[in-house]
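I opened this model to look up a few things and kept short notes as I went. The entries follow in the order I made them.

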Amino acid sequence: MNRRLFLKSSAQTTLAISLLPILNSKALAEIYKVSAQNEIDLIASPNDFPLLNGKTTQLLSFEGHTIQGKIKLLPSNSFLGPTIEAHQGDRLKINFKNQLSEPSIVHWHGLHLPENQDGHPSYAVGPGQTYTYDFEIKNRAGLYWYHPHPHGRTGYQVYHGLAGLFVVRDSEEKSLNLPSGENEIFLVYQDRHFDEDNQLIYVQSGHDIMMGKMGDTLFINGSREKANVVKKETYRLRLLNGSNARSFRLKWNDGRKITIIGTDGGLLAEPIERDSVLFCPGERLDVFVDFSINNIGDEAALQSIPIVDNGRGQAFDLSVFKVQHEGTKIYSLPVRLSNLEKINPSEAVNPNNPKVFKLLPKQGIGWTIDGLEYQMNEVREKETVELNTTEVWEFDLTQAGMIHPMHIHGSQFQVIERVHGPFSKDLVLDEGWKDTLAVLPGDRVKIIKRFNDHPGLFLLHCHILEHEDHSMMRNFLVK
Ligand code: C2O
Ligand code: CU
Ligand code: CU
(Lines give C-alpha, C1' and ligand atoms only; values in the text may rest on other atoms or scores of the structure.)
(Ligands and ions follow the chains in the order given, each with its own letter.)
Protein backbone atom coordinates (compact mmCIF):
# COMPACT_ATOMS: atom_id res chain seq x y z
CA MET A 1 0.00 0.00 0.00
CA ASN A 2 1.20 3.43 -0.96
CA ARG A 3 2.26 5.22 2.19
CA ARG A 4 1.16 8.70 1.19
CA LEU A 5 -2.23 7.47 0.20
CA PHE A 6 -2.57 5.73 3.50
CA LEU A 7 -1.76 8.83 5.44
CA LYS A 8 -4.32 10.79 3.48
CA SER A 9 -7.11 8.32 3.86
CA SER A 10 -6.63 7.31 7.46
CA ALA A 11 -8.62 8.96 10.19
CA GLN A 12 -5.77 8.06 12.52
CA THR A 13 -3.06 10.07 10.83
CA THR A 14 -1.31 11.15 14.00
CA LEU A 15 -1.18 7.62 15.34
CA ALA A 16 0.22 6.39 12.05
CA ILE A 17 2.91 9.06 11.98
CA SER A 18 4.10 8.34 15.49
CA LEU A 19 4.31 4.65 14.67
CA LEU A 20 6.04 5.07 11.33
CA PRO A 21 9.62 4.42 12.43
CA ILE A 22 8.84 1.07 13.98
CA LEU A 23 6.28 -0.39 11.62
CA ASN A 24 6.60 -1.71 8.13
CA SER A 25 3.93 -0.99 5.57
CA LYS A 26 2.15 -4.29 6.11
CA ALA A 27 1.56 -3.44 9.75
CA LEU A 28 0.33 -0.02 8.71
CA ALA A 29 -2.20 -1.61 6.42
CA GLU A 30 -3.44 -3.62 9.41
CA ILE A 31 -3.96 -0.47 11.47
CA TYR A 32 -5.80 1.12 8.61
CA LYS A 33 -8.14 -1.83 8.38
CA VAL A 34 -8.96 -1.78 12.06
CA SER A 35 -9.50 1.95 12.28
CA ALA A 36 -11.58 2.35 9.16
CA GLN A 37 -13.86 -0.64 9.15
CA ASN A 38 -16.21 -0.78 12.05
CA GLU A 39 -19.32 -2.68 11.18
CA ILE A 40 -22.22 -3.88 13.28
CA ASP A 41 -25.56 -5.52 12.65
CA LEU A 42 -28.51 -4.10 14.53
CA ILE A 43 -31.56 -6.32 14.33
CA ALA A 44 -35.06 -5.31 15.43
CA SER A 45 -37.41 -8.19 16.12
CA PRO A 46 -40.28 -9.30 18.40
CA ASN A 47 -39.13 -11.08 21.56
CA ASP A 48 -40.59 -12.18 24.89
CA PHE A 49 -39.07 -10.93 28.14
CA PRO A 50 -39.70 -11.87 31.78
CA LEU A 51 -40.54 -8.35 32.95
CA LEU A 52 -43.03 -9.12 35.69
CA ASN A 53 -43.76 -12.16 37.83
CA GLY A 54 -45.55 -14.83 35.85
CA LYS A 55 -46.17 -14.60 32.16
CA THR A 56 -43.53 -13.12 29.87
CA THR A 57 -44.24 -9.85 28.04
CA GLN A 58 -44.22 -9.58 24.26
CA LEU A 59 -41.87 -6.79 23.25
CA LEU A 60 -39.79 -5.55 20.36
CA SER A 61 -36.05 -5.38 20.87
CA PHE A 62 -32.76 -4.51 19.23
CA GLU A 63 -29.98 -7.06 19.18
CA GLY A 64 -26.47 -6.15 18.12
CA HIS A 65 -23.57 -8.07 16.61
CA THR A 66 -20.09 -6.81 15.90
CA ILE A 67 -19.09 -7.79 12.38
CA GLN A 68 -15.66 -6.18 12.53
CA GLY A 69 -13.78 -3.33 14.14
CA LYS A 70 -13.23 -1.70 17.47
CA ILE A 71 -16.62 -0.16 18.28
CA LYS A 72 -17.77 -1.53 21.62
CA LEU A 73 -21.20 -3.09 21.88
CA LEU A 74 -22.08 -3.39 25.55
CA PRO A 75 -24.91 -5.86 26.13
CA SER A 76 -27.87 -4.35 27.99
CA ASN A 77 -29.09 -7.57 29.68
CA SER A 78 -32.65 -6.40 29.02
CA PHE A 79 -35.00 -5.49 26.23
CA LEU A 80 -32.93 -2.36 25.58
CA GLY A 81 -30.56 -2.52 22.65
CA PRO A 82 -26.80 -2.78 23.11
CA THR A 83 -24.97 0.35 24.23
CA ILE A 84 -22.85 1.45 21.28
CA GLU A 85 -19.62 3.09 22.45
CA ALA A 86 -17.48 4.94 19.92
CA HIS A 87 -14.96 7.75 19.71
CA GLN A 88 -15.33 11.08 17.99
CA GLY A 89 -13.95 10.66 14.47
CA ASP A 90 -14.82 6.97 14.26
CA ARG A 91 -16.50 5.77 11.12
CA LEU A 92 -19.22 3.26 11.61
CA LYS A 93 -21.22 1.02 9.32
CA ILE A 94 -24.48 -0.22 10.81
CA ASN A 95 -26.74 -2.71 9.07
CA PHE A 96 -30.21 -2.15 10.47
CA LYS A 97 -32.24 -5.30 9.83
CA ASN A 98 -35.97 -4.90 10.17
CA GLN A 99 -37.46 -8.17 11.38
CA LEU A 100 -40.62 -6.50 12.64
CA SER A 101 -43.99 -6.92 10.98
CA GLU A 102 -44.13 -3.21 10.07
CA PRO A 103 -41.87 -0.54 8.54
CA SER A 104 -39.15 1.02 10.65
CA ILE A 105 -35.98 3.08 10.49
CA VAL A 106 -33.43 4.03 13.14
CA HIS A 107 -32.70 7.59 14.25
CA TRP A 108 -29.47 8.46 16.12
CA HIS A 109 -30.82 10.99 18.56
CA GLY A 110 -28.40 13.88 19.04
CA LEU A 111 -25.86 12.89 16.40
CA HIS A 112 -25.08 15.36 13.65
CA LEU A 113 -25.48 13.33 10.46
CA PRO A 114 -26.34 13.69 6.76
CA GLU A 115 -30.00 13.33 5.81
CA ASN A 116 -29.72 9.75 4.58
CA GLN A 117 -28.14 8.68 7.90
CA ASP A 118 -30.62 10.43 10.18
CA GLY A 119 -33.61 8.10 10.04
CA HIS A 120 -36.17 10.47 8.55
CA PRO A 121 -39.47 8.49 8.26
CA SER A 122 -39.30 8.65 4.45
CA TYR A 123 -36.31 6.25 4.72
CA ALA A 124 -38.29 3.54 6.55
CA VAL A 125 -37.73 0.00 5.30
CA GLY A 126 -40.32 -2.74 5.32
CA PRO A 127 -40.34 -6.11 7.09
CA GLY A 128 -37.38 -8.26 6.08
CA GLN A 129 -35.43 -5.33 4.65
CA THR A 130 -32.10 -3.85 5.66
CA TYR A 131 -31.00 -0.21 5.78
CA THR A 132 -27.26 0.30 5.84
CA TYR A 133 -25.87 3.31 7.65
CA ASP A 134 -22.31 4.48 7.13
CA PHE A 135 -21.30 7.61 8.99
CA GLU A 136 -18.54 9.41 10.79
CA ILE A 137 -19.09 10.62 14.33
CA LYS A 138 -18.61 14.37 14.50
CA ASN A 139 -20.20 14.94 17.88
CA ARG A 140 -18.25 15.71 20.97
CA ALA A 141 -18.26 13.27 23.87
CA GLY A 142 -21.73 12.79 25.23
CA LEU A 143 -24.57 10.41 25.84
CA TYR A 144 -26.72 10.06 22.75
CA TRP A 145 -29.27 7.35 21.97
CA TYR A 146 -31.04 5.56 19.16
CA HIS A 147 -34.63 4.62 18.53
CA PRO A 148 -37.01 3.97 15.61
CA HIS A 149 -38.60 6.87 13.73
CA PRO A 150 -41.21 5.47 11.30
CA HIS A 151 -44.15 7.70 10.42
CA GLY A 152 -46.86 7.51 13.06
CA ARG A 153 -45.35 4.47 14.80
CA THR A 154 -42.40 5.88 16.73
CA GLY A 155 -44.27 5.90 20.03
CA TYR A 156 -45.51 2.34 19.63
CA GLN A 157 -42.12 0.91 18.71
CA VAL A 158 -40.15 2.73 21.41
CA TYR A 159 -42.76 1.85 24.05
CA HIS A 160 -42.47 -1.81 23.10
CA GLY A 161 -38.74 -1.79 23.73
CA LEU A 162 -36.82 -0.40 20.77
CA ALA A 163 -34.17 1.98 22.13
CA GLY A 164 -30.52 1.95 23.10
CA LEU A 165 -27.67 4.19 24.25
CA PHE A 166 -24.95 5.60 22.02
CA VAL A 167 -21.93 6.84 23.98
CA VAL A 168 -19.39 9.08 22.29
CA ARG A 169 -15.95 9.60 23.85
CA ASP A 170 -13.35 12.21 22.96
CA SER A 171 -9.95 13.33 24.14
CA GLU A 172 -11.21 16.43 25.95
CA GLU A 173 -13.41 14.26 28.15
CA LYS A 174 -10.65 11.74 28.64
CA SER A 175 -8.21 14.36 29.91
CA LEU A 176 -10.57 15.18 32.80
CA ASN A 177 -10.25 11.80 34.49
CA LEU A 178 -13.94 11.56 35.34
CA PRO A 179 -15.27 8.46 37.14
CA SER A 180 -15.04 5.52 34.76
CA GLY A 181 -15.35 1.75 34.71
CA GLU A 182 -17.55 0.63 37.60
CA ASN A 183 -17.83 4.24 38.70
CA GLU A 184 -19.68 5.30 35.56
CA ILE A 185 -23.27 4.11 35.73
CA PHE A 186 -25.71 4.38 32.82
CA LEU A 187 -29.36 4.69 33.85
CA VAL A 188 -32.28 4.68 31.42
CA TYR A 189 -35.67 5.51 32.99
CA GLN A 190 -38.90 4.41 31.30
CA ASP A 191 -42.45 3.94 32.52
CA ARG A 192 -44.85 1.27 31.25
CA HIS A 193 -48.44 0.16 31.76
CA PHE A 194 -49.56 -3.51 31.81
CA ASP A 195 -52.77 -5.51 31.60
CA GLU A 196 -53.56 -8.49 33.86
CA ASP A 197 -51.85 -10.78 31.40
CA ASN A 198 -48.52 -8.94 31.78
CA GLN A 199 -48.87 -7.47 28.29
CA LEU A 200 -48.23 -3.80 27.55
CA ILE A 201 -51.15 -1.46 27.25
CA TYR A 202 -50.47 1.30 24.75
CA VAL A 203 -52.58 4.22 23.53
CA GLN A 204 -56.28 3.49 23.91
CA SER A 205 -57.92 6.89 23.73
CA GLY A 206 -57.68 10.45 22.56
CA HIS A 207 -56.73 11.29 26.14
CA ASP A 208 -53.61 9.09 25.87
CA ILE A 209 -52.68 10.94 22.68
CA MET A 210 -53.26 14.38 24.18
CA MET A 211 -51.49 13.67 27.49
CA GLY A 212 -48.94 11.18 26.16
CA LYS A 213 -48.88 7.54 27.24
CA MET A 214 -47.74 7.15 30.82
CA GLY A 215 -47.32 4.00 32.83
CA ASP A 216 -47.45 3.09 36.49
CA THR A 217 -44.43 0.79 36.46
CA LEU A 218 -40.91 2.19 36.29
CA PHE A 219 -38.12 0.40 34.46
CA ILE A 220 -34.46 1.18 35.00
CA ASN A 221 -32.31 -0.19 32.20
CA GLY A 222 -35.18 -2.52 31.37
CA SER A 223 -35.51 -3.86 34.91
CA ARG A 224 -37.61 -2.96 37.94
CA GLU A 225 -34.58 -3.17 40.24
CA LYS A 226 -33.88 0.28 41.68
CA ALA A 227 -30.96 -0.63 43.92
CA ASN A 228 -27.31 -0.10 43.02
CA VAL A 229 -24.67 -1.31 45.46
CA VAL A 230 -21.89 1.29 45.59
CA LYS A 231 -18.64 1.95 47.42
CA LYS A 232 -17.54 4.98 49.41
CA GLU A 233 -16.33 6.49 46.13
CA THR A 234 -17.31 9.09 43.55
CA TYR A 235 -19.56 8.19 40.63
CA ARG A 236 -20.66 9.55 37.31
CA LEU A 237 -24.34 8.86 36.54
CA ARG A 238 -25.29 9.04 32.86
CA LEU A 239 -29.05 9.45 32.73
CA LEU A 240 -31.53 9.14 29.87
CA ASN A 241 -35.23 9.81 30.22
CA GLY A 242 -36.36 7.19 27.71
CA SER A 243 -40.04 7.44 28.64
CA ASN A 244 -42.60 8.16 25.95
CA ALA A 245 -44.26 10.96 27.87
CA ARG A 246 -43.32 11.19 31.55
CA SER A 247 -41.16 14.02 32.80
CA PHE A 248 -39.29 13.62 36.07
CA ARG A 249 -38.04 16.25 38.48
CA LEU A 250 -34.82 14.92 39.95
CA LYS A 251 -33.80 15.46 43.54
CA TRP A 252 -31.59 13.65 46.04
CA ASN A 253 -33.57 12.49 49.07
CA ASP A 254 -30.75 13.22 51.52
CA GLY A 255 -30.65 16.94 50.93
CA ARG A 256 -27.50 17.01 48.84
CA LYS A 257 -27.56 19.14 45.69
CA ILE A 258 -27.54 17.57 42.25
CA THR A 259 -24.19 18.24 40.63
CA ILE A 260 -24.73 18.36 36.88
CA ILE A 261 -21.66 18.13 34.67
CA GLY A 262 -23.28 17.57 31.30
CA THR A 263 -26.50 17.68 29.30
CA ASP A 264 -27.67 16.43 25.88
CA GLY A 265 -24.64 17.50 23.86
CA GLY A 266 -21.92 16.65 26.38
CA LEU A 267 -20.03 18.35 29.16
CA LEU A 268 -20.89 21.81 30.49
CA ALA A 269 -18.22 24.48 30.90
CA GLU A 270 -18.32 23.95 34.64
CA PRO A 271 -20.41 21.93 37.09
CA ILE A 272 -23.80 23.34 38.08
CA GLU A 273 -25.50 22.59 41.40
CA ARG A 274 -29.26 22.49 41.75
CA ASP A 275 -31.73 21.43 44.43
CA SER A 276 -33.82 19.81 41.73
CA VAL A 277 -33.98 19.70 37.96
CA LEU A 278 -36.64 18.87 35.39
CA PHE A 279 -35.84 15.87 33.21
CA CYS A 280 -38.05 15.42 30.15
CA PRO A 281 -38.46 12.60 27.62
CA GLY A 282 -35.47 12.47 25.26
CA GLU A 283 -33.17 14.51 27.53
CA ARG A 284 -29.90 13.30 29.06
CA LEU A 285 -28.12 14.41 32.21
CA ASP A 286 -24.60 13.74 33.37
CA VAL A 287 -24.47 13.77 37.19
CA PHE A 288 -21.48 13.63 39.52
CA VAL A 289 -22.04 12.22 42.99
CA ASP A 290 -19.76 11.61 45.95
CA PHE A 291 -20.61 8.66 48.18
CA SER A 292 -17.26 8.83 49.95
CA ILE A 293 -18.91 11.26 52.39
CA ASN A 294 -21.43 8.56 53.31
CA ASN A 295 -21.19 5.88 55.96
CA ILE A 296 -21.35 2.20 55.21
CA GLY A 297 -25.00 1.24 55.37
CA ASP A 298 -26.27 4.57 54.06
CA GLU A 299 -28.76 4.74 51.24
CA ALA A 300 -29.15 7.70 48.93
CA ALA A 301 -32.12 7.85 46.61
CA LEU A 302 -32.36 9.83 43.40
CA GLN A 303 -36.03 10.71 43.44
CA SER A 304 -38.59 12.30 41.20
CA ILE A 305 -40.60 14.93 43.06
CA PRO A 306 -43.84 16.55 41.87
CA ILE A 307 -43.22 19.05 39.07
CA VAL A 308 -45.78 21.49 40.43
CA ASP A 309 -45.35 22.39 44.09
CA ASN A 310 -49.03 22.30 44.95
CA GLY A 311 -48.95 19.72 47.71
CA ARG A 312 -50.50 17.10 45.46
CA GLY A 313 -48.49 14.25 43.96
CA GLN A 314 -45.80 12.22 45.65
CA ALA A 315 -42.10 11.76 45.36
CA PHE A 316 -40.89 8.34 44.25
CA ASP A 317 -37.48 6.73 43.94
CA LEU A 318 -35.82 6.38 40.55
CA SER A 319 -32.58 4.81 41.78
CA VAL A 320 -31.38 3.87 45.24
CA PHE A 321 -27.64 3.77 45.96
CA LYS A 322 -26.68 1.49 48.82
CA VAL A 323 -23.27 2.35 50.21
CA GLN A 324 -21.93 -1.02 51.28
CA HIS A 325 -18.17 -1.07 50.82
CA GLU A 326 -15.08 0.94 51.62
CA GLY A 327 -13.50 2.42 48.50
CA THR A 328 -10.38 3.89 47.05
CA LYS A 329 -11.48 5.56 43.82
CA ILE A 330 -12.08 9.19 44.67
CA TYR A 331 -12.15 11.16 41.46
CA SER A 332 -12.07 14.90 41.97
CA LEU A 333 -14.73 17.05 40.38
CA PRO A 334 -12.98 19.33 37.86
CA VAL A 335 -13.64 23.05 38.29
CA ARG A 336 -13.48 23.50 34.52
CA LEU A 337 -15.07 20.76 32.46
CA SER A 338 -14.83 21.82 28.87
CA ASN A 339 -14.27 24.58 26.40
CA LEU A 340 -17.87 25.30 25.72
CA GLU A 341 -18.23 27.64 22.81
CA LYS A 342 -21.11 30.06 23.17
CA ILE A 343 -22.80 30.93 19.89
CA ASN A 344 -22.99 34.68 19.53
CA PRO A 345 -26.53 35.73 18.48
CA SER A 346 -25.00 38.19 16.02
CA GLU A 347 -23.86 35.17 14.04
CA ALA A 348 -27.50 34.43 13.17
CA VAL A 349 -29.18 35.70 10.01
CA ASN A 350 -32.15 36.78 12.17
CA PRO A 351 -30.81 37.74 15.62
CA ASN A 352 -33.80 39.96 16.48
CA ASN A 353 -36.45 38.32 14.38
CA PRO A 354 -36.80 34.68 15.46
CA LYS A 355 -38.75 32.16 13.47
CA VAL A 356 -41.65 31.47 15.82
CA PHE A 357 -43.16 28.00 16.16
CA LYS A 358 -46.43 27.97 18.08
CA LEU A 359 -47.26 24.89 20.09
CA LEU A 360 -51.01 24.47 19.77
CA PRO A 361 -53.72 21.86 20.25
CA LYS A 362 -55.93 21.47 17.19
CA GLN A 363 -59.39 20.01 17.16
CA GLY A 364 -59.45 16.60 15.45
CA ILE A 365 -55.65 16.36 15.18
CA GLY A 366 -54.03 16.65 18.60
CA TRP A 367 -51.04 18.74 19.56
CA THR A 368 -49.44 20.53 16.61
CA ILE A 369 -46.79 22.99 15.58
CA ASP A 370 -48.53 26.10 14.20
CA GLY A 371 -51.84 24.19 13.99
CA LEU A 372 -50.60 22.04 11.11
CA GLU A 373 -50.55 18.32 10.48
CA TYR A 374 -47.28 16.57 9.63
CA GLN A 375 -46.88 15.67 5.96
CA MET A 376 -43.95 13.48 4.96
CA ASN A 377 -42.42 15.90 2.44
CA GLU A 378 -44.06 19.21 3.19
CA VAL A 379 -41.86 22.18 4.02
CA ARG A 380 -42.96 25.78 4.43
CA GLU A 381 -40.93 28.84 3.56
CA LYS A 382 -40.28 29.37 7.28
CA GLU A 383 -38.97 25.82 7.56
CA THR A 384 -36.38 26.34 4.86
CA VAL A 385 -32.87 27.20 5.98
CA GLU A 386 -29.82 28.10 3.97
CA LEU A 387 -26.88 25.75 4.35
CA ASN A 388 -24.05 27.08 6.51
CA THR A 389 -26.12 29.71 8.25
CA THR A 390 -27.20 30.18 11.86
CA GLU A 391 -30.77 30.95 12.85
CA VAL A 392 -32.74 31.93 15.94
CA TRP A 393 -35.97 30.01 16.52
CA GLU A 394 -38.59 30.51 19.18
CA PHE A 395 -41.02 28.02 20.69
CA ASP A 396 -44.16 29.75 21.88
CA LEU A 397 -46.38 27.96 24.39
CA THR A 398 -48.35 30.95 25.60
CA GLN A 399 -51.74 29.85 24.27
CA ALA A 400 -52.23 26.44 25.85
CA GLY A 401 -50.39 24.38 28.30
CA MET A 402 -48.55 21.25 29.13
CA ILE A 403 -44.83 20.53 28.99
CA HIS A 404 -43.50 19.84 25.50
CA PRO A 405 -39.88 18.66 25.18
CA MET A 406 -39.10 20.03 21.73
CA HIS A 407 -36.41 18.19 19.81
CA ILE A 408 -34.56 19.28 16.67
CA HIS A 409 -32.55 16.93 14.48
CA GLY A 410 -29.10 17.84 13.20
CA SER A 411 -26.47 19.64 15.24
CA GLN A 412 -26.93 20.61 18.88
CA PHE A 413 -28.33 24.06 19.66
CA GLN A 414 -28.15 26.54 22.56
CA VAL A 415 -30.87 28.32 24.50
CA ILE A 416 -30.46 32.08 24.38
CA GLU A 417 -33.57 33.32 26.16
CA ARG A 418 -36.47 31.93 28.16
CA VAL A 419 -39.38 34.24 28.86
CA HIS A 420 -41.16 32.06 31.33
CA GLY A 421 -44.71 31.58 32.45
CA PRO A 422 -45.92 30.60 35.92
CA PHE A 423 -43.29 27.87 36.32
CA SER A 424 -40.09 28.84 38.02
CA LYS A 425 -37.10 29.30 35.78
CA ASP A 426 -35.06 27.18 38.19
CA LEU A 427 -37.06 24.12 37.21
CA VAL A 428 -35.15 23.72 33.96
CA LEU A 429 -31.50 23.65 33.01
CA ASP A 430 -30.83 25.56 29.82
CA GLU A 431 -27.04 25.45 29.91
CA GLY A 432 -24.78 23.68 27.43
CA TRP A 433 -25.48 22.09 24.08
CA LYS A 434 -29.04 20.81 23.81
CA ASP A 435 -31.06 18.79 21.34
CA THR A 436 -34.23 18.48 23.41
CA LEU A 437 -35.68 21.43 25.23
CA ALA A 438 -38.39 21.63 27.86
CA VAL A 439 -40.98 24.23 26.90
CA LEU A 440 -43.29 24.87 29.86
CA PRO A 441 -46.80 26.35 29.83
CA GLY A 442 -46.59 30.09 29.33
CA ASP A 443 -43.00 29.97 28.04
CA ARG A 444 -41.40 31.53 25.02
CA VAL A 445 -37.99 30.03 24.52
CA LYS A 446 -35.43 31.22 21.98
CA ILE A 447 -32.73 28.95 20.69
CA ILE A 448 -29.83 29.44 18.33
CA LYS A 449 -28.75 26.71 15.94
CA ARG A 450 -26.18 26.27 13.21
CA PHE A 451 -27.21 24.51 10.03
CA ASN A 452 -23.79 23.46 8.81
CA ASP A 453 -22.47 20.58 6.74
CA HIS A 454 -25.58 18.69 5.77
CA PRO A 455 -28.24 19.80 3.31
CA GLY A 456 -31.49 17.86 3.34
CA LEU A 457 -34.78 17.22 5.07
CA PHE A 458 -34.73 16.95 8.87
CA LEU A 459 -37.24 16.93 11.69
CA LEU A 460 -38.43 19.13 14.46
CA HIS A 461 -40.89 17.60 16.93
CA CYS A 462 -42.12 17.14 20.45
CA HIS A 463 -40.42 14.20 22.18
CA ILE A 464 -43.61 13.14 23.89
CA LEU A 465 -43.84 10.39 21.32
CA GLU A 466 -47.64 10.36 21.14
CA HIS A 467 -47.44 14.06 20.28
CA GLU A 468 -44.78 13.39 17.68
CA ASP A 469 -46.94 10.73 16.04
CA HIS A 470 -50.15 12.86 16.17
CA SER A 471 -48.99 15.39 14.81
CA MET A 472 -46.57 17.66 16.65
CA MET A 473 -43.84 17.33 14.08
CA ARG A 474 -42.61 19.33 11.09
CA ASN A 475 -39.87 19.00 8.50
CA PHE A 476 -37.23 21.59 7.92
CA LEU A 477 -35.14 21.72 4.79
CA VAL A 478 -31.51 22.81 4.72
CA LYS A 479 -30.44 23.84 1.23
CU1 C2O B 1 -35.29 11.09 19.59
CU2 C2O B 1 -36.70 12.64 16.15
O3 C2O B 1 -36.13 11.84 17.87
CU1 CU C 1 -33.37 13.12 17.28
CU1 CU D 1 -45.70 17.65 23.23
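What distance separates the centres of domain 1 and domain 3? I get 25 Å, taken over C-alpha atoms. I note here that the model is predicted.

Domains. I find the chain divided into domain 1 (39-171), domain 2 (181-325) and domain 3 (345-478). For the contact between domain 1 and domain 3, I list 27 residues from domain 1 and 26 residues from domain 3. I then looked up the buried area. Domain 1 and domain 3 bury about 2000 Å² between them, and 58% of that area is on carbon and sulfur atoms.

Largest pocket. I read a volume of about 650 Å³ for the largest pocket. I count 26 lining residues, and Met214, Ala245, Arg246, Ser247 and Ile307 are the closest to the centre of this pocket. Sorted by class, the lining holds 15 nonpolar, 6 polar and 5 charged residues. I also checked where the lining of the largest pocket comes from: domain 2 (181-325) and domain 3 (345-478) each give at least three residues.

Second largest pocket. I read about 380 Å³ for the second largest pocket. Its lining has 16 residues, and closest to the centre I find His112, Lys138, Ser411, Gln412 and Trp433. By class I have 3 nonpolar, 8 polar and 5 charged residues in this lining. Where does the second largest pocket lie? I place it between domain 1 (39-171) and domain 3 (345-478), because both give residues to the lining.

Cysteines. How many disulfides does the structure hold? I find 0. I looked at Cys280 to see why. The closest cysteine sulfur to that of Cys280 is in Cys462, 8.9 Å away, which is too far for a bond; the cut-off for a disulfide is 2.5 Å. Are these two cysteines buried or exposed? Cys280 is buried, with a relative accessible area of 0%. Cys462 is buried, also with a relative accessible area of 0%.

Key: Residues are numbered from 1 along each chain as its sequence is written. Chains are lettered from A and ligands numbered from 1 in the order in which they are written. This is a predicted model: local features need pLDDT of at least 70, side-chain atom pairs count only at pLDDT 80 or more; totals for chains, interfaces and linings use all residues. Side-chain values use heavy atoms; hydrogens and water are left out. Buried means under 20% relative accessible area, exposed over 50%, partly exposed in between (1.4 Å probe, protein chains only). On a 1 Å grid over the protein atoms alone, a cavity is a set of points where a 1.4 Å probe fits but cannot get out, and a pocket is an open set with protein on both sides within 12 Å along at least five of seven lines; lining residues have an atom within 4 Å of a point. Grid points are joined across faces, edges and corners, and a volume is the space filled by probe spheres set on the points. Ala, Val, Leu, Ile, Met, Phe, Trp, Tyr, Cys and Pro count as nonpolar, Asp, Glu, Lys and Arg as charged, and the others, Gly among them, as polar. Domain bounds come from an automatic or database domain assignment. Contact means heavy atoms within 4.5 Å. Buried area is the accessible area (1.4 Å probe) that two parts lose on being put together, summed over both.
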